Amino acid sequence: MEASGVNYFLEFTYLLASVFFILGLKGLSHPETARRGMFLAEAGMLAAIIGTLFHRGIITYEWIAAGLILGTIIGGLMAVWVPMTAMPQRTALSHAFGAFAAALVGIAEFILHGGPGMPVFTRGALGFEVMLGTLTTTGSLIAAGKLQGVIRGTPIQFKGQQVVNGLLFACTAGCFLDSVVNPASAMVFYAMTAFGFLSGVMIVIPIGSADMPVVMSLLNSYAGLAAAATGFVLGNNVLIIAGTLDGFSGLILSILMCKAMNRSINNVLFGGFGAVQHEAGGTTGGEMREISMEDAAMRLAYANKVVFVPGYGLATAQAQHAVRDLANALEERGVTVKYGIHPVAGRMPGHMNVLLAEANVPYGDLYEMDQINPEFPTTDVAVVIGANDVVNPDARDNPNSPIAGMPILEVDKAKSVIVLKRGQGRGFSGLENPLFYKPVTSMLYGDAKASLSRLAQEVKNV
Ligand code: NAP
């Protein structure tokens with residue numbers, strides 16, 4: 001192909017990729033179209049890779065082939081081995097890889113073309129890329145470690161931490177500015193790189209693992225902005241578009257998550273949520289009442305309306321098919337069945353929607369918090385399946401609770417509540433839950449999948 005033909009082809013594939021990314025993102029904004037959105041985004045990525053393979057600047061294909069094979073093996077193994085419940089830490093690792101790639105491209109570009117010959121704007125974009133890329137790499141690795149439990153999940157804090165972090169920020173920003181105005185000094189650029197790696201660690205260690213999903217989507221946003229900066233450095237349009245989309249969608253997601261927890265981004269980043277646990281949440285008292293499998297099945301079978309409220313325990317138990325079976329058994333008896341979905345139930349946004357979609361639960365049966373809360377007073381049985389924090393009435397009733405003000409699913413307003421959980425385990429916030437001690441509540445202990453399967457069987461036998 002002639003040089004101009006190759007250029008047209010390249011720009012065409014990048015344009016196609018950008019359109020696919022935008023359509024993919026639109027698809028991802030609704031559960032019903034999310035799968036299609038994902039496929040479109042993947043098609044966009046494929047178009048971008050194919051186009052790049054025709055890039056005139058490629059010197060050798062050997063390293064590209066090696067990277068492709070290694071990346072495919074690692075990605076394939078992660079897809080097969082990593083369970084659905086470990087998806088948040090897997091996502092954090094992906095962010096770390098993406099950000100590290102952006103940082104490496106920036107460092108390579110600095111070694112090859114850095115210095116006074118590089119235009120000021122490109123120097124700025126390059127510094128921005130490396131600063132955000134390095135920070136996101138180590139920040140995401142710490143987030144993955146906290147979520148996996150290999151690093152202590154509670155906030156790691158020390159006296160004067162904010163001052164140390166402030167100084168670190170000043171040093172990083174100072175090196176960044178200096179490397180833009182004084183391009184001759186390579187040492188300053190490398191110092192900024194080292195400060196960037198250190199900043200990622202220092203920013204994330206004081207944050208508790210309960211807040212990691214918000215941190216991750218913020219880091220995702222940084223990785224996207226680093227990629228966009230890479231695009232400016234390399235003059236690559238698809239990187240600019242995809243990075244900007246990634247950067248801003250990550251930011252919007254972080255804001256939405258904070259809103260769903262009634263917390264500010266500042267509180268998440270600097271509040272040390274989870275450092276002192278269990279102290280302000282203790283408005284419990286009385287006893288938890290257990291219910292037998294048979295009694296629970298009878299109560300469900302003779303109800304008019306049942307609302308299932310799934311949480312993280314549904315994901316760990318992989319109970320999505322079992323809840324669908326129970327819902328079918330109830331519906332066959334004429335019971336109205338609905339699902340109440342809290343925006344931050346589980347460990348990532350849309351976690352419950354994804355699981356229930358996998359079990360073919362109709363979208364029409366899923367109700368958002370604002371839609372379902374007014375329905376609880378007319379609900380005969382609210383069945384809480386491995387949810388805890390998102391149904392904790394302390395968030396509404398106890399102004400001293402660390403989760404005070406977080407909107408909850410008000411299951412305690414239902415005529416009766418059955419809570420499915422394995423034992424006395426607390427939620428992600430580590431707080432006591434007064435719901436379990438209320439007269440309206442009965443506890444059905446056991447793994448959610450096993451309990452739901454037995455309940456479905458019992459309901460069929462009634
Ligand atoms: P949760 O508060 O973490 O509670 C999960 C409950 O499930 C636990 O009490 C546990 O009790 C039970 N459980 C675990 N495995 C089980 C199994 N196999 N069978 C039955 N029960 C099981 O969950 P949540 O109510 O969904 O709340 C989500 C939390 O994550 C909130 O604090 C939220 O703020 C936070 N968060 C989420 C996001 C997001 O994007 N989704 C973002 C930021 C923060 P046992 O151990 O006794 O079984």
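A pocket here is an open set of points on a 1 Å grid over the protein atoms alone, with protein on both sides within 12 Å along at least five of seven lines. With that in hand, welcome to a predicted model whose second largest pocket has a volume of about 770 Å³.

- Two or more lining residues come from each of α8 (212–234), α12 and β5 (416–421).
- The biggest contributor is α12, which gives 4 residues to the lining.
- Sorted by class, the lining of this pocket holds 20 nonpolar, 12 polar and 8 charged residues.

**Around the ligand**
- There are 32 residues around the ligand, and Thr316, Gly346, Asn388, Asp389 and Arg422 come nearest.
- Tyr312 has a polar backbone atom 3.0 Å from an oxygen atom of the ligand.
- For Arg426, a polar backbone atom is 3.4 Å from a ligand oxygen atom.
- A ligand nitrogen atom is 2.9 Å from a polar backbone atom of Ala448.

**Helix α14**
- Helix α14 (residues 351–358) is largely enclosed by the rest of the structure, because 6 of its 8 residues are buried.
- Those buried residues are His351, Met352, Asn353, Leu355, Leu356 and Ala357.
- They pack against the helices α2 (31–53), α12 (312–317) and α13 (320–332), and against the strands β1 (305–310), β2 (336–341) and β3 (366–368).

Terms used:
Residues numbered from 1 in each chain as written. Predicted model: local features only at pLDDT ≥ 70, side-chain atom pairs only at ≥ 80, totals over all residues. Heavy atoms only, no water. Buried < 20%, exposed > 50% of the residue type's maximum accessible area, 1.4 Å probe, protein only. Contact = heavy atoms within 4.5 Å. 1 Å grid on protein atoms, 1.4 Å probe; cavity = no way out; pocket = protein on both sides within 12 Å on 5 of 7 lines; lining within 4 Å. Points joined across faces, edges and corners; volume = space filled by probe spheres on them. Nonpolar A, V, L, I, M, F, W, Y, C, P; charged D, E, K, R; others polar. Near = heavy atom within 4 Å. Polar contact = N/O pair within 3.5 Å; in protein donor to acceptor, adjacent residues only side chain to side chain.
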